[in-house]
Amino acid sequence: MTDTDSRLLLLSPQDNVFVLRAAIKAGETIRIGRLDITVPDRLGIGHKVARGAIRDGEPIIKYGAPIGSATRDIAVGEHVHIHNIKSNYTPTHSLTEARETYERNRAGGWHD
Amino acid sequence: MTELGTALRGYERQDGRKGIRNVVAVAYLVECAHHVAREIVMLNRDAAHVIGFPGCFPNPYSQGIMERLCTHPNVGAVLLVSLGCESFNRYKLEQAVEESGRPVHTIVIQNDGGTRRSIEQGQRWVAERVAELQSAPTVPMDVSELVVGTVCGGSDGTSGITGNPAAGRAFDRLVAEGATCIFEETGELIGCEDIMASRARTPELAVELRHAVEKAATYYATLGFGSFAAGNADGGLSTIEEKSLGAYAKSGQSEISGLIKPGDIPPRGGLYLMDVVPDGEVRFGFPNISDNAEIVEMMASGAHMTLFVTGRGSVVGSALSPVIKIAANPHMYERLTDDMDINAGRVLTGEADLAEVGDEIYGLILALAAGEKSKSEALGHTEFILTYKSFEPIGPACLPV
């Protein structure tokens, strides 16, 4: 893993995700091992990407400990977040959908 | 910043504890008395802070917390503001404060001529006490006499890798010097049961620590939401377990000496977990509805100050006890520099390591204890919130001798 992008932080050797040390813009490339992966959407600091392929249902490991399970297959370098993993305890509450609807409606003059 | 090693001095209280501040607490005993209390402190906002309980129904938890707060080592005098018909037991609270050796006075708005005359009477009383407290003598104080709490709020994916472990380093230093450190939010330790239990001082305490987290998991599952805000997800945290593992790092590496509940005073130095989730069936809603509720419980257990690690950028402070704001995220630090005491984001940009930031936090703790103001304190933040809860007393296994 010596070849891995310095913006990707591996917290524990068992982890199957990296944590972003800095934001990565849409269209930028990140290097994981010998792979160069183009990031489709902006990723914020502190977000996670897959260190390798993760199968639907597999545990997500960060800090060497499980933080939830994949809800679908995740490709290497893909953003790992609430759209493809879930808690094994309580569901995660987010305003992502509300914000997207708001921004779409505002752009369309509230009549779409 | 004050030099490390500067002799600390504190205000000595009758119970042997020492305060690092000497403020007047102006306590409303029901929301209906809140306005009068707020107006009373207007002329002395630095030296007199409003605390209070909004409910009109009796609640042993909030009665107990108010007693602890009104006899907190940072409090030098107490003004109680009652409407007159609320259920809060003002007689018991006044007696507890009086027995603690502090000046105390109760204004009952319905008996004392209403809003205007109650405010005037309260302002006079507070002005007299502030004058006395400002010239009160201090005595030498040792680091081992400090009680420091830690919370996190507005967490993001940086909190668990910068600010929280750096706060943990500061805790390790304090515990090694005999101070008392408290971490909390069992609802944000879900998924950490095993690693945390392995640090317990005794096997019996390990069982109690595990039970406290299991209780939290059940409680939040019943409510349908974890201790997880929408902004946590924006900041890259995906699940409560992930947030928990990051939050857990605040506790450092020390042995865990005991488990306390809000208002329990740790009997000696060491690291304590505060179990903040109510006992019994789910009642009264979410355990702590926002971050200040956690800070209030830290103070009720004697915390002189609270470390507050934030990634998204909380700006709150607290009544009675200063809050140290530790920015986990370097970008947020740039945006909110005026609110942040420490930039732990330097760990991510490679400008500092965890040990350096931990030392910086430790140094600031001593500086605050020596009288320096934190950013939120200087900005006049005095947030406070107390709501309904119910607890059973802790068992003997929680505080091994």
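How many salt bridges are counted between domain 1 of chain B and domain 2 of chain B? The count is one salt bridge, where a salt bridge is a side-chain nitrogen of Lys or Arg within 4 Å of a carboxyl oxygen of Asp or Glu.

This is a predicted model, in which local features need pLDDT of at least 70 and side-chain atom pairs count only at pLDDT 80 or more, while totals for chains, interfaces and linings use all residues. Residues are numbered from 1 along each chain as its sequence is written, chains are lettered from A and ligands numbered from 1 in the order in which they are written, and side-chain values use heavy atoms, with hydrogens and water left out.

**The two domains of chain B**

The domain assignment, with bounds that come from an automatic or database source, divides chain B into domain 1 (23-135) and domain 2 (143-390). Taken over C-alpha atoms, the centres of domain 1 of chain B and domain 2 of chain B are separated by 28 Å. Their contact (heavy atoms within 4.5 Å) takes 25 residues from domain 1 of chain B and 23 residues from domain 2 of chain B. Together these domains bury about 1,900 Å², with 64% of it on carbon and sulfur atoms; buried area here is the accessible area (1.4 Å probe) that two parts lose on being put together, summed over both. A salt bridge also joins the side chains of K373(B) and D46(B), at 3.9 Å from N to O.

**Chain A and its interface with chain B**

Chain A has one helix and nine strands, these elements being DSSP runs (H or I of at least four residues for helices, E of at least two for strands) numbered from the N terminus. Along the sequence, the pattern of chain A is β-β-β-β-β-β-β-β-β-α, and its C-alpha atoms fill a box of roughly 50 × 35 × 20 Å along the principal axes. Of the 112 residues in chain A, 38% are buried, where buried means under 20% relative accessible area, exposed means over 50%, and partly exposed lies in between (1.4 Å probe, protein chains only).

Between chain A and chain B, the contact takes 30 residues from chain A and 33 residues from chain B. The two chains bury about 2,400 Å² between them, 60% of it on carbon and sulfur atoms. On the chain A side, I45(A), Y63(A) and Y89(A) lose the most area to chain B, together 27% of what that side buries. Three salt bridges are found across this interface, and the side chains of K62(A) and E242(B) also meet in a salt bridge, at 2.8 Å from N to O.

**Salt bridges within the chains**

Over all chains the count comes to 23 salt bridges, and the table gives some pairs from within a chain.

| Pair | Closest N to O distance |
|---|---|
| R7(A) and E28(A) | 2.7 Å |

For the remaining pair, both residues are partly exposed, E255(B) at 45% and R201(B) at 35%.

**Cysteines without a disulfide**

The structure holds zero disulfides over all chains, a disulfide being a pair of cysteine sulfur atoms within 2.5 Å. The sulfur of C32(B) is 6.2 Å from the closest cysteine sulfur, in C56(B), and this is too far for a bond. C398(B) is likewise in no disulfide, as the nearest cysteine sulfur, that of C192(B), is 19 Å away; with 2% relative accessibility, C398(B) counts as buried. C56(B) is in the loop between strand 4 (48-52) and helix 2 of chain B, and counts as partly exposed at 37% relative accessibility. Leaving out residues up to four places away in sequence, C56(B) touches V30(B), E86(B), S87(B) and Y388(B).
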